Amino acid sequence: MRTKMRVGKIRIGDDLEVEVVDPHNIQPVYADLVTELRVNDGVLYLSFANVVVDGESHALSRKAQVCAT
């Protein structure tokens, strides 16, 4: 039997707390930016990115790297 990874909780309003679990045991992804948020034919599309800073170049280079869609 496969156990579910507990990812966290979401609070909805003042009195409802929902536990978030991942039945596939995938490591949770933490994102800095929402890069896409749209609804198409009743389907909600979300994309997230992490901010990556390259500190080895003479000028700091920042980019958003997509981490989950």
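Which residue takes a positive phi in the hairpin of strand 3 and strand 4? In this predicted model, the residue is Asp-41, with a phi near 55°. The hairpin has two residues between its strands. Strand 3 covers residues 33-40, and strand 4 covers residues 43-54.

The overall make-up of the chain comes next. The protein chain has five strands and zero helices. Read from the N terminus, its elements run β-β-β-β-β. Of the 69 residues in the chain, 4% are buried. The accessible surface of the chain comes to about 6100 Å². Carbon and sulfur atoms account for 53% of that surface. Contacts were also examined by separation in sequence. Among contacts between residues at least 6 apart, 6% join residues at least 24 apart.

In general, strands of a sheet pair through backbone hydrogen bonds. Such pairing is either parallel or antiparallel.

The pairings can be followed strand by strand. Strand 3 and strand 4 pair over seven bridges, in the antiparallel sense. Here Asn-40 has Val-43 of strand 4 as its bridge partner. Strand 4 also pairs with strand 5, which spans residues 61-68. This pairing is antiparallel and runs over seven bridges. Two positions illustrate it. Phe-48 stands opposite Ala-68 in strand 5. Ala-49 has Val-66 of strand 5 as its bridge partner.

A nonpolar patch lies on the surface. Its members are Val-34, Leu-37, Val-39, Leu-44 and Leu-46. Together they have about 490 Å² of accessible area. Strand 3 and strand 4 are the elements that give two or more residues to the patch. Strand 3 gives the most, with three residues. Leu-37 is a patch member that lies in strand 3. Why does Leu-37 count as exposed? Exposed means over 50% relative accessible area. Leu-37 is exposed because its relative accessible area is 61%. As a general rule, side chains in a regular strand alternate between the two faces of the sheet.

Technical notes
Residues numbered from 1 in each chain as written. Predicted model: local features only at pLDDT ≥ 70, side-chain atom pairs only at ≥ 80, totals over all residues. Heavy atoms only, no water. Patch = residues over 30% accessible without salt bridge, like charges linked within 9 Å, V, L, I, M, F, W, Y side chains within 5 Å. Areas by Shrake-Rupley, 256 points an atom, 1.4 Å probe, with all protein chains shown as cover. Salt bridge = Lys/Arg side-chain N within 4 Å of Asp/Glu carboxyl O. Helix = DSSP H or I, 4+ residues; strand = E, 2+ residues; numbered from the N terminus. Buried < 20%, exposed > 50% of the residue type's maximum accessible area, 1.4 Å probe, protein only. Pairing = 2+ DSSP bridges. Contact = heavy atoms within 4.5 Å.
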